[in-house]
Amino acid sequence: MTIRRSASIAAAALFTVFTIPRQAIRAEQAGADATAPQLTKFEKAPQGEAEQIAQIIALTTQLLQMRYPEGMARRGVHPKDHGCVKATFTVDRDIPENYRVGVFATPGRTYPAWIRFSNATPFLAPDLGKGGPDSRGMAIKLIGVEGDTLLNEPGAKTQDFLLINLPGFAFPNVSEYLEVTKIQLANHDDIRPFFAQMTPEKEKTRAVVAKIKQTNVGNPLESPYFSAAPFLFGPDRVAKFSVTPRSAEKTPVPENPGTNYLREAMKKSLDPAIGKPAVFDFKVQLRNDDSLPIEDATAEWPETTATPQNVATLEIDPQNFDNPFQVTECEHVAFTPWHGLTAHQPIGGINRLRHGVYIESSKFRHQPKEPTGFPKWPW
Ligand code: HEM
């Protein structure tokens with residue numbers, strides 16, 4: 001492994017058979033033309049933020065060009081998946097009255113769902129690199145939701161929840177994210193210079209990265225996941241989302257983990273012959289105290305203050321997800337927190353930034369391009 005690649009891996013910590021019809025994928029990409037979101041009454045955007053967001057969107061394309069010089073690009077973040085699985089998402093029959101909002105409006109309502117498990121590393125790398133564990137992702141797409149949607153894509157009636165395996169995101173705000181993105185581009189994804197001069201904001205990033213490095217996962221189906229950033233919960237409330245596996249089982253990380261050990265663990269758990277369903281409780285943490293931050297995505301909301309409430313059950317039945325058809329669809333499908341109902345509008349600076357960036361990354365990787373060479377595999 002080259003020095004550049006291992007530095008990059010250290011940096012990376014920061015970061016039925018279901019068919020998604022082609023028209024739906026095109027419809028979701030069409031959201032690229034949507035204009036920037038209106039600020040909600042809960043948000044305060046610092047001066048100059050819109051300009052910084054525009055810069056990050058432009059840098060995202062440049063980063064993809066740098067990483068994929070031969071032309072066949074993957075996702076800007078979370079390019080390596082462990083599998084896309086079909087699931088069902090059922091609103092709890094006994095969901096308390098005041099949580100019946102948006103996709104949770106009807107007790108007992110079931111949605112088919114598509115879930116993609118991933119690593120956050122911005123490039124393809126073994127699941128456990130020399131630098132230790134990276135952040136893990138779980139992206140959930142509910143299909144056939146009802147209500148006004150945010151991006152106004154024709155035909156798209158989906159609600160995405162993008163979750164990571166810790167309750168705090170690694171960067172508090174847009175200006176910190178701009179700084180790290182410039183450094184990624186200048187240093188081939190080696191972000192160590194970002195920490196050259198520590199500030200209180202960078203201390204927050206360092207603290208989250210330390211947690212990521214202490215949080216390894218033996219099987220993606222056995223980890224909790226968190227939205228980290230906040231969302232509207234109807235017009236007058238704000239919430240964060242999370243999921244918790246119902247089983248306490250914890251598969252140990254293998255002593256010599258293979259390149260794709262997380263996919264292998266998932267395949268074993270969901271083996272149609274010997275596997276069993278993976279069940280998660282989906283939770284909502286209402287912002288019941290004005291002191292809980294909205295504009296700092298590293299800030300956890302203490303569960304003692306804002307108690308998570310079970311609102312839905314997510315069930316993944318045993319299945320063969322590791323087949324060429326599903327692997328291809330997994331690469332094509334696009335998730336963004338902005339695929340969803342206006343009732344669950346993403347809020348806060350990091351979410352405002354995600355509006356344009358995910359669309360740009362998805363647009364770039366989906367555009368037809370003739371390769372200039374054969375893709376370079378890291379293993
Ligand atoms: C609370 C903060 C965040 C969380 C929880 C989060 C989570 C995720 C997850 C789980 C995925 C994988 C989606 C999939 O499986 O397709 C993803 C993708 C992605 N994220 Fe984030 N993310 C966060 C912040 C950001 C920020 C600040 C940026 C950059 C501005 C960013 C850029 C991206 C990009 C470019 C993709 C790939 C989009 C595509 O090509 O489809 N994320 N994120």
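## Helix H4

Let's start with helix H4, which covers residues 174-186. Helices and strands here are DSSP runs, with at least four residues (H or I) for a helix and at least two (E) for a strand, numbered from the N terminus. H4 has 13 residues and reaches 18 Å from its first C-alpha to its last. That is close to the 18 Å expected at 1.5 Å a residue, where the expected span is 1.5 Å times one less than the number of residues.

This is a predicted model, in which local features need pLDDT of at least 70, side-chain atom pairs count only at pLDDT 80 or more, and totals for chains, interfaces and linings use all residues. Residues are numbered from 1 along each chain as its sequence is written.

Which residues of H4 are buried? They are Val174, Glu176, Tyr177, Leu178, Val180, Thr181 and Gln184. A residue is buried if 20 or more other C-beta atoms lie within 10 Å of its own, exposed if 12 or fewer, and partly exposed in between, with C-beta atoms placed from the backbone. An α-helix has 3.6 residues a turn, so residues three or four places apart point the same way. The cover over the buried residues of H4 includes helix H3 (49-67), helix H5 (200-214) and H8.

## Positive phi angles

Most residues other than glycine have a negative phi. Just after H4, however, His188 takes a positive phi of about 50°. Asp189 also has a positive phi, near 75°. Asp189 sits in the loop between H4 and H5, and it counts as buried because 23 other C-beta atoms lie within 10 Å.

Ala228 is another residue to look up: its phi is near 60°, a positive value in a residue other than glycine. Ala228 is found in the loop between strand E5 (225-226) and strand E6 (231-232). With 25 other C-beta atoms within 10 Å, Ala228 is buried.

## The chain as a whole

Now step back to the protein chain, which has 8 helices and 9 strands. Its C-alpha trace spans about 55 × 55 × 40 Å along its principal axes. Of its 379 residues, 46% count as buried.

A compact globule of 379 residues would have a radius of gyration near 21 Å, and the 20 Å of the protein chain agrees with this. The radius of gyration is taken over C-alpha atoms, and the globule rule is 2.2 Å times the number of residues to the power 0.38.

## The nonpolar core

The largest nonpolar core has 85 residues. Such a core is a set of buried Ala, Val, Leu, Ile, Met, Phe, Trp, Tyr and Cys residues joined through C-beta atoms within 7 Å. Ala113, Ile115, Met138, Leu163, Val311 and Leu314 have the most contacts inside it.

Take Leu314, which lies in strand E9 (residues 309-316). Leu314 counts as buried because it has 24 C-beta neighbours inside 10 Å. Two residues are in contact if their C-beta atoms, placed from the backbone, lie within 7 Å. Not counting residues up to four places away in sequence, Leu314 touches Ala87, Phe89, Ala113, Val243, Phe280 and Phe282. For Leu163, leaving aside neighbours within four places in sequence, the contacts are Gly137, Met138, Tyr225, Phe226, Ser227 and Val243.

## Around the ligand

How many residues surround the ligand? There are 28, and the closest are Gly76, His78, Gly137, Ala139 and Ser361. A residue is near a molecule if its C-beta atom, placed from the backbone, lies within 6 Å of it. By class, the shell has 17 nonpolar, 7 polar and 4 charged residues. Here Ala, Val, Leu, Ile, Met, Phe, Trp, Tyr, Cys and Pro count as nonpolar, Asp, Glu, Lys and Arg as charged, and the others, Gly among them, as polar.

Strand E2 (110-119), strand E3 (136-143), strand E4 (158-164) and helix H8 (349-366) each supply at least two residues of the shell. H8 gives the most, with 8 residues.

Gly356 lies in helix H8. It is buried because it has 23 C-beta neighbours inside 10 Å. Leaving aside neighbours within four places in sequence, Gly356 is in contact with Ile53 and Ile57.

In the loop between helix H7 (324-332) and H8 you will find Val333. Val333 and Ser362 are 29 residues apart in sequence and 8.8 Å apart in space, C-alpha to C-alpha.

Is Pro302 buried or exposed? Pro302 is exposed, with 12 other C-beta atoms within 10 Å. Its place is the loop between strand E8 (278-286) and E9.
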